[in-house]
Amino acid sequence: MGPVGVRRRDTAIVRVKTSSGVYVGGWFDVEGYVSTYPYERDIFIAHQWRMGKRGQFPEPIHDSLGVWVPITDDCHVEWIAAPPQKEEG
């Protein structure tokens with residue numbers, strides 16, 4: 001299923017490996033945006049995380065206002081389900 005199915009999901013973690021091999025990613029929620037045909041493919045990740053060289057998510061970038069990533073044929077986009085929240089108590 002393409003980005004239409006992703007748009008229906010409320011929250012997810014997204015990791016993009018760009019054509020140059022650099023990882024970009026973060027928390028995707030209703031503030032994020034995915035564009036598809038007939039427009040250029042790209043994604044806006046409103047809650048950007050610092051990324052490790054192998055695609056790890058070490059920490060959020062607290063002062064980030066988001067990141068816009070063009071999605072080319074050489075990119076790899078991965079959607080990861082949010083981990084379940086632990087109940088405190």
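Here are some questions and answers on a predicted model of a protein chain.

The model is predicted, so local features need pLDDT of at least 70 and side-chain atom pairs count only at pLDDT 80 or more, while totals for chains, interfaces and linings use all residues. Residues are numbered from 1 along each chain as its sequence is written, and side-chain values use heavy atoms, with hydrogens and water left out.

Q: In what order do the five strands of the open sheet stand?
A: Two strands count as paired if DSSP finds at least two bridges between them. Strand 1 (residues 12–17) has six bridges to strand 2 (residues 23–28) and five to strand 8 (residues 76–80). The pairing in the sheet is antiparallel, and the order is 6-5-2-1-8.

Q: Why is strand 1 largely enclosed by the rest of the structure?
A: Buried means under 20% relative accessible area, exposed is over 50%, and partly exposed lies in between, using a 1.4 Å probe and protein chains only. Across the chain, buried residues make up 34% of the 89 residues. Strand 1 is largely enclosed because its buried residues number five of the six.

Q: What phi does G21 have in the turn of the hairpin?
A: Strand 1 and strand 2 form this hairpin, with five residues between them. G21 sits in the turn, and its phi is positive, at about 90°.

Q: How far from D42 is the nearest side chain of opposite charge?
A: D42 is in strand 4 (residues 42–45). For charge, Lys and Arg count as positive and Asp and Glu as negative, with His and the chain ends not counted. D42 is buried yet has no salt bridge, meaning a side-chain nitrogen of Lys or Arg within 4 Å of a carboxyl oxygen of Asp or Glu. The nearest opposite charge is on R41, at 8.8 Å.

Q: Which side chain makes a polar contact with the side chain of D42?
A: A polar contact is a pair of N or O atoms within 3.5 Å; within protein, one must be able to donate a hydrogen and the other to accept it, and residues adjacent in sequence count only if both atoms are side-chain atoms. For D42 the distance is 3.0 Å, and the partner is W68.

Q: How far apart in space are F44 and W68, C-alpha to C-alpha?
A: F44 is also placed in strand 4. Its contacts (heavy atoms within 4.5 Å) beyond four places in sequence include F28, Y33 and W68. F44 and W68 are 24 residues apart in sequence, but in space the distance is 4.4 Å.

Q: Is D29 buried or exposed?
A: D29 lies in the loop between strand 2 and strand 3 (33–35). Its side chain makes a polar contact of 3.0 Å with the side chain of H47. Its relative accessibility is 13%, so D29 counts as buried.

Technical notes:
Helices (H or I, at least four residues) and strands (E, at least two) are DSSP runs, numbered from the N terminus.
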